[in-house]
Amino acid sequence: MIAPHPSTPTAPARGVRKAVVPAAGLGTRFLPATKATPKEMLPVVDKPAIQYVVEEAAAAGLDDLLMVTGRHKRAIEDHFDHAFELEQALAAKGDTVRLDAVRDPARLASIHHIRQGDPLGLGHAVLCARRHVGDQPFAVLLGDDLIDPRESLLSRMLDVRDRRLGSVVALMEVPPEQIHLYGCAAVEPTGEEDVVRVAGLVEKPAREHAPSRYAVIGRYVLDPAVFPVLERIPPGRGGEIQLTDALQELAAGGTVHGVVFKGLRYDTGGNKADYLRTVVRLACERPDLGPEFVAWLRGFLGELDGARPGHRDAAA
């Protein structure tokens, strides 16, 4: 049998049911908190960041999920498993609210785990999922990149994949001074307002070399044609196997599209300030926490204003 060209999408579209969540990073930006706790398990209000990601996948109909983890990530596996002793203790107390909260992670999807033995980059982490995914299209959701649950980005990407085949990436326009933090896409219009054809991709370009302001954010729907490309491409930026480099090759064949996202996105892994902004924003929007927390926050900001040099003099 002749193998298809790597840039040829597999057909026909059969719908996407599987998702891969790479979660093997060391989380060095959040040390010492991540010395013993995976960064994906850092709480965002009262749930770990990665649970929001799994909930998003499940809401889009992806009920078969593979987590690609690494050493010292056992806490992720435990979180999405049953905790019998805890469940029994809560059931004995009649605490049904907390009991449901404890059981929910294990009920979201059929969740599997595999370890990425060596930290060789996002492309290598995706390649680790090949046996589980097989010859089916699949979604990739980065474990520290949160999309507001009121948004329908992933469902939109799945729809584009079903109609256009190939691979689909999520794009977001960012300020020029931030483009060096992302993969960047050169794009062409398709006639659909929020859908573009990706003509090329470059990983973390210098501002003056960026082909656009469209950054690739942490959502992908990938054709299995990406696997043979990932297997043979050499290490790229940082000595790692870059998913961006594989998608660049597929894009040259015209089989990569992008969905331009203009909604709410929260980055919990990039830096501490973004993480704190995410926690505060989501806490403010919670009906059970928001009113009391917002009232306290307004008072606290008033105290900060009063403590600023010159404030009292200006008020006088």
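Q: Is Phe-227 buried or exposed?
A: Phe-227 is buried, as its relative accessible area is 1%; buried means under 20%, exposed over 50% and partly exposed in between, with a 1.4 Å probe and protein chains only. Keep in mind that this is a predicted model, where local features need pLDDT of at least 70, side-chain atom pairs count only at pLDDT 80 or more, and totals for chains, interfaces and linings use all residues. Residues are numbered from 1 along each chain as its sequence is written, and side-chain values use heavy atoms, without hydrogens and water.

Q: How many aromatic pairs are there in the whole structure?
A: A search of the whole structure gives four. Rings of Phe, Tyr and Trp (its six-membered ring) pair if their centres lie within 6.5 Å; planes under 30 degrees apart are stacked, over 60 edge-to-face, and the rest tilted.

Q: What's the geometry of Phe-30 and Tyr-275?
A: That pair is edge-to-face, with 5.7 Å centre to centre and 75° between the planes. Phe-30 and Tyr-275 are both buried.

Q: And which pair does Phe-227 form?
A: Phe-227 is stacked with Phe-138, 5.2 Å centre to centre and 0° between the planes. Phe-138 is buried too, at 0% relative accessibility.

Q: New topic: which ring does the charged end of Lys-47 sit over?
A: The ring of Tyr-52, 4.4 Å from its centre. The cut-offs are NZ of Lys or CZ of Arg within 6 Å of the ring centre and within 35 degrees of the ring normal.

Q: Which residues do ring pairs link into a cluster?
A: Phe-293, Trp-296 and Phe-300.
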